[in-house]
Amino acid sequence: MRVQRRLAAAVSASALVLLAAGCSGTFANEKATTADKPAPAALPKPLSMVSTPKSAVWTDTGEGKHQLRIAPTRLARGAESDMAHIQLDDDLKGMVPYYLTFSFTNTGKETMSDADPTRNLSVNTVDGQAGHGVSLFQSNPLATGSGLPAGCREAGKAKLAAGDTTAICQIFMLPKGQQPATVSYRDDGSDTLIWQVDGAKTGGAGVLPADKAADTPTRDSTSHAVTVHITPKSVRPGSVADLSHFDLDADEKKLIPYYVTMEYRNTGKYDLLPDLNENVLVRTAGGQESKRMILLNIGGPGVSQCPDAVPNEMLKPGAKVTSCSIHMLAKGDRPASVVFQGKGSSQPVIWSAAAAADGEK
């Protein structure tokens, strides 16, 4: 689940630090002049995207479920300078802000209090990385203007009666050089809702084509460095019925299995265990990450659509093995990329899964 980072302006006994430089407060014995007022900031140009309203579920803090009609209405790229006055965490510095405005209607019969579906929202890159959502506090009661970026000031209503509609803007930080491909809502009813951003290119920075082989380092069971040559073979959707021999819980039964098949060739000098697929994960168009599902299969029939590693013995230098892993995705979601993270390697190898995803639209 995406982590919301709430950033507050710092207040000390000697100084009042505002959320925004240029929005300084006016004290009781001071008068603001026209020259003190900053010129209205130009709104960033919105990106073209699908904005069809969709039905959704939101759960409040008391575990009450509410029916919504939700739609993204505006997505715009901000400037790095928009965040210059905000004390960002180190891992967010250098990222680019995107401003997502979305509307939601209470289609249920009960009034919603403190309605905030932003925790379920995400703006995602082409390879399925979810943007980091940030929320800003306007903590200075003396400020003459909002410290929030001009392109993101819709705050929504505190209460929403049945049939009412409101709008909220959320800031998402994306890595520089990456572009948004989708806006998603992780429905509390288990499904994922996805809206496509126009103009998003297949792949993205650092993402290999789906059929491109790559070499990457990993380590054997005694921590020796070993290079592996990996060739992606397929990313295929299955059915939860394929897993009927296994004891799935109620939530797992709501998901869709995807089968990722890879070929591994040991190009190093040391033996490797054949289960290299334990290092594979799938990033989704909805900004989620799905690791390999582990199923206990002692002497059982297994999953014929996703067979175990062949051969099932130590992978000698120069030998190769074909292996399949199962990854569970929410309904409505689809694979965006396949990632292999070698043991001890600082950089993963990422392949596009766009071809498989396109087949599931």
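**Overall picture and confidence**

Modeller: Residues 24 or more positions apart account for 71% of the contacts in the protein with a separation of 6 or more, where contact means heavy atoms within 4.5 Å. This is a predicted model, in which local features need pLDDT of at least 70 and side-chain atom pairs count only at pLDDT 80 or more, while totals for chains, interfaces and linings use all residues. Residues are numbered from 1 along each chain as its sequence is written, and side-chain values use heavy atoms, with hydrogens and water left out.

Colleague: What is the mean pLDDT of the protein?

Modeller: pLDDT is the predictor's confidence in each residue, from 0 to 100. In this protein 80% of the residues reach 70 or more, and the mean is 81.

Colleague: What percentage of the 361 residues is buried?

Modeller: Buried means under 20% relative accessible area, exposed means over 50%, and partly exposed lies in between, for a 1.4 Å probe and protein chains only. Of the 361 residues in the protein, the buried share is 44%.

**Strands and sheets**

Colleague: Why is strand E9 largely enclosed by the rest of the structure?

Modeller: Strand E9 pairs antiparallel with strand E4 (residues 96–106) over ten bridges, and two strands pair if DSSP finds at least two bridges between them. Strand E7 (residues 132–136) is also antiparallel to E9, joined to it by three bridges, and there Val134 stands opposite Ile171. E9 itself spans residues 165–174, and it is largely enclosed because the buried residues among its ten number eight.

Colleague: In E14, which residue is the bridge partner of Pro217?

Modeller: E13 and strand E14 (residues 225–237) pair in the antiparallel sense over six bridges. Within E14, the residue that Pro217 has as its bridge partner is Thr227.

Colleague: Is Ser223 buried, partly exposed or exposed?

Modeller: Ser223 lies in the loop between E13 and E14, and its phi is near 75°, a positive value in a residue other than glycine. Because its relative accessible area is 47%, Ser223 counts as partly exposed.

**Selected side chains**

Colleague: Is Asn266 buried or exposed?

Modeller: Asn266 has its place in strand E15. Not counting residues up to four places away in sequence, Asn266 touches several residues, among them Val226, Thr227, Asp271 and Leu315. Its relative accessibility is 1%, so Asn266 counts as buried.

Colleague: How many aromatic pairs does the structure hold?

Modeller: Rings of Phe, Tyr and Trp (its six-membered ring) pair if their centres lie within 6.5 Å; planes under 30 degrees apart count as stacked, over 60 as edge-to-face and the rest as tilted. By this definition the number of aromatic pairs in the structure is two.

Colleague: Why does the pair of Phe102 and Phe104 count as stacked?

Modeller: Phe102 and Phe104 are both buried. Their ring centres are 5.9 Å apart and the pair is stacked because the angle between the planes is 25°.

Colleague: How many residues apart are Tyr264 and Phe340?

Modeller: Tyr264 and Phe340 form a tilted aromatic pair, with 5.9 Å centre to centre and 45° between the planes. Tyr264 is in strand E15 (residues 256–266) and Phe340 is in strand E19 (residues 335–340), so that the pair links distant parts of the chain, and the separation is 76 residues.

Conventions
Helices (H or I, at least four residues) and strands (E, at least two) are DSSP runs, numbered from the N terminus.
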